[in-house]
Amino acid sequence: MYTVKGKVNKDSLLSEHMPLVKRLAHHMKAKLPPSVEVDDLVQAGMIGLLDAINRYEETHGAQFETYAVMRIRGAMLDELRSSDWMPRTLRQDMRKVENAMSVLQQKLGRPPSESEVAKSLKLSLEDYQQMLGEGGGHQLLYYEDFKDEEGDGSFLDRYAHDEEADPLRALMDTNFRQAVINAIDVLPPREKLLMGLYYEEELNLKEIGAVMGVSESRVSQLHTQAVSRLRATLREGAWTGPA
């Protein structure tokens, strides 16, 4: 990993971490629409890896793989944003789901059920679940979340200490990480299990479906719903569940 002069061996880092790029690309592709090509994600991820390698000596001793994962995923998300893979109308639908969840959480003092959210949106349960399926790839964070486009402030502002900080560092902020952990902790049991299997155990949707005894498409719906719950909780900021 290092040359005889103590410098980072960039060629070695590149060769060693190319499989990481492919693994992250396939992991991300599993929750995206069919129109997204995994090769495009790999290509973007390689750019992120090269950027991480070039910047590594400036990271003050951070573990390279941890740093590289952030850069690789960031480059893939940049590629997704630039290709406008999620239609604006679909993003608006997901915001409606988040808003309904936020209102119901405050009213009920617990995470609302699917049927309660569907009723709030004046949708049948079947139509609501179809909306969730179409929202596959709904992310916990979007670039817009770092800006104040709607006059209500960025929901990340409450977690970041330094307003001048790079958005990547805001993501790594301890307060934000803890807020996400707290939000996951109050998810309904089935969605909490799903998030653990997906993000900690790194199972794909088909494998999670086998564990949970549901179809792959149902796992995708539940994942989209769980992410919407997390976003709603993080936006609200103050909701911590029933006493």
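Helix α2 has 18 residues, which at 1.5 Å a residue should span 26 Å. The C-alpha atoms at its ends lie 25 Å apart, in agreement with that value. The model is predicted. Within α2, the buried residues are V38, L41, V42, A44, G45, M46, G48, L49, A52 and I53.

Helix α4, residues 88-108, was examined in the same manner. Its 21 residues should span 30 Å at 1.5 Å a residue. The end C-alpha atoms are 30 Å apart, which agrees. Buried positions in α4 are L90, M94, V97, E98, A100, M101, S102, L104 and Q105. G109 follows α4 and has a positive phi, near 75°.

Charged pairs were considered next. Side chains of opposite charge can pair when their charged atoms come close. Across the whole structure, the search finds eight salt bridges. One of them joins D51 and R55, with an N to O distance of 2.8 Å. Both residues belong to helix α2 (residues 38-55). They sit four residues apart, and therefore about one helical turn separates them. An α-helix has 3.6 residues a turn, so residues three or four places apart point the same way. R55 is partly exposed, at a relative accessible area of 35%. D51 is also partly exposed, and its relative accessible area is 25%.

D51 has another partner in R71. The closest N and O atoms of the R71 and D51 salt bridge are 3.3 Å apart. This pair links distant parts of the chain, with R71 in helix α3 (residues 64-82) and D51 in helix α2. The two residues are 20 apart. R71 is partly exposed, with a relative accessible area of 21%. Buried means under 20%, so the 21% of R71 places this residue in the partly exposed class.

A further salt bridge is formed by the side chains of K192 and D185, at 2.8 Å from N to O. K192 is partly exposed, with a relative accessible area of 34%. D185 is partly exposed as well, at 49%. Exposed means over 50%, so the 49% of D185 leaves this residue partly exposed.

Conventions: Residues numbered from 1 in each chain as written. Predicted model: local features only at pLDDT ≥ 70, side-chain atom pairs only at ≥ 80, totals over all residues. Heavy atoms only, no water. Salt bridge = Lys/Arg side-chain N within 4 Å of Asp/Glu carboxyl O. Buried < 20%, exposed > 50% of the residue type's maximum accessible area, 1.4 Å probe, protein only. Expected span 1.5 Å × (residues − 1).
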